Every structure is written in structure tokens, then in C-alpha cells.
Amino acid sequence: MKREIMITSDGSTTIHLPDWNEQYHSKHGAIQEAYHVFIDKGFNEIALTENISILEIGFGTGLNAFITYLESKKSIRNIDYVGVEAYPVENEDIIKLNYVTELKVENEKPIFDEMHTIAWEKEHQLSNEFSLTKREQFFDAIDDVNRFNLVYYDAFGARVQPEHWTAIMFQKMYNALKVNGILVTYAAKGSVRRAMQEVGFTVERLPGPPGKREMLRAIKR
């Protein structure tokens, strides 16, 4: 599928799929969306435990993993990060992304590059606080149980991939989370909220990132 680099409203890049008219991140601001949805409403809501396990659905450009790595340096918490991606982004597109410069962390460029060059299916300790495992896997093959404190649910939208927004998928996420674990996503559709509730999640509607009125946060009680 054809991919194009797009500059979003906050100056950061994303990948645009013209065949779907879909982006990897919000056109209203890739970095702004990532921080709002996944850090502010997810990572910062996890209790201050020493060790945190995070599952990302849609590793994609690595933006969410990278900003989580940056956050890990501000705390004493150790992050075990697992990013699942069925169709890895090609390196020729990765090198065109401007996250390092837009975040003003040029000294961390080796880490961002390493996130995309390390081998799949193996755990890699990128710093004292952050380990990354990339799994090349279809989302419906996920079968983790009671492993994660937090899920970043960042699949493509229901308009183009409705199969990723069903009760079947959210049951897998519910199973993968520990009790009191949190799932956050940019999505806010009523059908998505009802699918989450169907499998047992307690669901909150929260203010969304720029360009979206709402987003969802689900908790496994």
C-alpha cells in the first residue's frame, strides 16, 4: 500500500495512506495526540509501582514507544514495553519522520533509531528503565493473560479496519490486562464503548486530543 509522509498541525510528521485516506496519527498533531491520549490519560494514571508492563496495539512509527521511553527517564519506574505490529513500517519511511527534532531530544536519536533496527520477537534493554519487545503479529493472534498494566490501543480506525474494534478484540485486551489495568484509545464511537462494556470494562469518556471532542479510557475492575 502506498505511503506518504504528512506534516501534521503541530509540525510533527505522520504517515498517510492515500488508498484509505487514513493516517498513522492525527492530522491535527501527531505528537500532541500521542501525549494527550497515551501519556496524559494512560501512563500518568497508572499507580506509581516500580515495574509497569505496557502493550501497544499498532507499533507503527514508534512514536508512542519513544515518548514513553522519554517519560521513563523522568521516573524511577521500569517499563516493559511490548509493541505489536502486523505490517512493520519500512526504514525508508522511518528516516523521514521528525519526532526527535520536534521533541528537541537530538541526544536521544540513537534510541529512536535502535527501536526500529533491533530484531523482532526478542526483548531488548534500551536503558536501565526501558525494555522493548517488538512482536510482528496480527492483533487477533494476541493471547496474553494477566500480563499488562496498560494498553495503548492505537489500531487504525473502525472506518477502515472495523474488525479491530469489536468485543472479540476487547476481550483479548481485557484478558491481557491485570486487575485495575487501563486501556486508552483515541477512539470515541458509541459502538466501541459498548463493545468494551460488553466484555466487562468500566469505560470513561474523556476530553479528546486536538481535533477530537472525546476519547475513551477503559478499566479492568
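This is a predicted model: local features need pLDDT of at least 70, side-chain atom pairs count only at pLDDT 80 or more; totals for chains, interfaces and linings use all residues.
R213 is exposed, at 70% relative accessibility. I then looked up its salt bridge: the partner is E214, with the closest N and O atoms 3.7 Å apart.

Next I ran the search over the whole structure. It returned 10 salt bridges. I checked D144 and found it bridged to R135, the closest N and O atoms being 2.8 Å apart. Buried or exposed, I asked of D144? D144 has 11% relative accessibility, so it counts as buried, the cut-off being under 20%. R135 has 14% and counts as buried too. I followed the shared partners from there. Salt bridges link D80, R135, D144 and R147 into one network.

I also noted a pair at the start of the chain. K2 and E4 form a salt bridge, with 3.3 Å between the closest N and O atoms. K2 is exposed, with a relative accessible area of 52%. E4 is partly exposed, at 31%.

Then I turned to F43. Where does F43 sit? I found it in the loop between α1 (30-40) and β4 (51-57). Its relative accessible area is 2%, so I logged F43 as buried. Which residues touch F43, beyond its neighbours within four places in sequence? I listed F38, I54, T68, E71, R77, I79, L150 and Y152. I took one C-alpha to C-alpha distance as well: F43 and V151 are 9.3 Å apart in space and 108 residues apart in sequence.

α1 came next. I recorded this helix as mostly covered, with eight of its 11 residues buried. Among those buried are A30, E33, V37 and F38. F38 is also one of the contacts of F43.

Which way do β4 and β8 pair, parallel or antiparallel? They pair in the parallel sense, over four bridges. I found L55 opposite V151 in β8. I then looked at β9 (residues 177-185). β8 and β9 run parallel and are joined by five bridges. Here L150 stands opposite I182 in β9. I traced the chain between these two strands. From β8 it passes through helix α6 (residues 167-176) to β9, and this β-α-β crossover is right-handed.

Last, I went back over L150. This residue faces I182 in β9, and L150 also contacts F43.

Notes: Residues are numbered from 1 along each chain as its sequence is written. Side-chain values use heavy atoms; hydrogens and water are left out. Buried means under 20% relative accessible area, exposed over 50%, partly exposed in between (1.4 Å probe, protein chains only). Contact means heavy atoms within 4.5 Å. Two strands pair if DSSP finds at least two bridges between them. A crossover is right-handed if, with the strands pointing away from the viewer, the path from the first strand over the helix to the second runs clockwise. A salt bridge is a side-chain nitrogen of Lys or Arg within 4 Å of a carboxyl oxygen of Asp or Glu.
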